[in-house]
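Student: Could you help me learn how to read a structure like this one, feature by feature? I would like to see the general idea each time, and then the case at hand.

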Amino acid sequence: MLTKSFKVDALQVNVYDSRESMGKAAGEEAVAYLKEVLRQKDQVYIIFAAAPSQNEFLATVAAAEGVDWHRVHALHMDEYVGLPADAPQAFGNFLRRAIFGKVPFASVGYIGCDKDPQQACADYDRVLARHHVDMVFMGIGENGHIAFNDPHVARFDDPLRIKQVDLDLKCRLQQVHDGCFRSLDEVPEYALTLTCPTLFAADRLFCVVPAATKADAVKATVCGPIGEHCPATLLRRHAAATLYVDADSGKYIV
């Protein structure tokens, strides 16, 4: 159930009583918008985040009826460097399990975790250069990152579409907290990420952020100054972004 709805700068913030109701509501709104875009365009491009925080949202989207997925192209926003191609922690594999393998997309573009990083960036950059992104399905990290744009590498004016970054300690610890890796030693130190300008060039952003571990990041995003110290604050400058939080992640803003 929606318990509070308000705007901060240009950002719409919706607070729900539970993680389940948040994910379902966000998924239903995303599907409704997707159907509207499909009525206006022949082809639609969507960037997907891969994280346990997106589980309820992605399940709702994948189960939606009446979507012509054959005209929808899927991309994803970040990937570890150096994992085996079949590693369950790889974001491409997470998304294959969650949605990419469940609906008949027109195409799915994988960054690839086992490629040479320079080549992977060059290959994906060519894909991004050819297509306008209509929608982004995203989250926020415990350190306020968007994709793998951690505060120390985030640039709101980044000239690149995709780049290799080193992951800060808080970001790597989050992967352990989320249950993706058993220990910090297993978490890769480097990743490839779509940059802030790439994500924010999309027409519509749906940002889904559950759990108490994200409460500080949500507070910084909604209440703090806009800046690269908390990359998610850039949401407040996008003309069509919605932040969905639950009672736990939104406990400091209600």
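Tutor: Let us begin with a single residue in this predicted model: Asp 246 is found in the segment that comes after strand E11, which spans 241–245.

Student: Is Asp 246 buried or exposed?

Tutor: A residue is called buried when its relative accessible area is under 20%. Asp 246 has a relative accessibility of 3%, and it therefore counts as buried.

Student: Which residues is Asp 246 in contact with, leaving aside its neighbours within four places in sequence?

Tutor: Asp 246 touches Val 15, Tyr 16, Ser 18, Arg 19, Met 22, Val 209, Pro 210 and Ala 211. Take Ala 211 from that list: 35 residues separate it from Asp 246 in sequence, while their C-alpha atoms are 7.0 Å apart in space.

Student: Arg 19 also belongs to a helix contact, I think. How do the axes of H1 and H2 cross?

Tutor: For two helices, one looks at the approach of the axes and at the angle between them. Helix H1 (residues 19–40) and helix H2 (residues 55–62) have axes that come within 7 Å and cross at roughly 40°, and the two helices are therefore oblique to each other. The crossing in which H1 passes H2 is right-handed. On the H1 side the contact includes Arg 19, Gly 23 and Val 31, and on the H2 side it includes Phe 57 and Thr 60. Sorted by class, this contact has five nonpolar, three polar and five charged residues.

Student: What is the order of the open sheet of three strands?

Tutor: That sheet runs E5-E9-E8, with antiparallel pairing. Strands E5 (78–80) and E8 (162–166) are at the edges with a single partner strand each, so one side of each is left without a neighbour in the sheet. Five bridges join E8 to strand E9 (residues 190–194), and Gln 164 has Leu 192 as its bridge partner in E9.

Notes
Residues are numbered from 1 along each chain as its sequence is written. This is a predicted model: local features need pLDDT of at least 70, side-chain atom pairs count only at pLDDT 80 or more; totals for chains, interfaces and linings use all residues. Side-chain values use heavy atoms; hydrogens and water are left out. Two strands pair if DSSP finds at least two bridges between them. Helices (H or I, at least four residues) and strands (E, at least two) are DSSP runs, numbered from the N terminus. Axes are lines fitted to C-alpha atoms, for helices over the stretch in contact, and angles run from 0 to 180 degrees between N-to-C directions. Angles under 35 degrees count as roughly parallel, over 145 as roughly antiparallel, 65 to 115 as roughly perpendicular and the rest as oblique. A crossing is left-handed if the near helix is turned anticlockwise from the far one by less than a right angle, and right-handed if clockwise. Contact means heavy atoms within 4.5 Å. Ala, Val, Leu, Ile, Met, Phe, Trp, Tyr, Cys and Pro count as nonpolar, Asp, Glu, Lys and Arg as charged, and the others, Gly among them, as polar. Buried means under 20% relative accessible area, exposed over 50%, partly exposed in between (1.4 Å probe, protein chains only).
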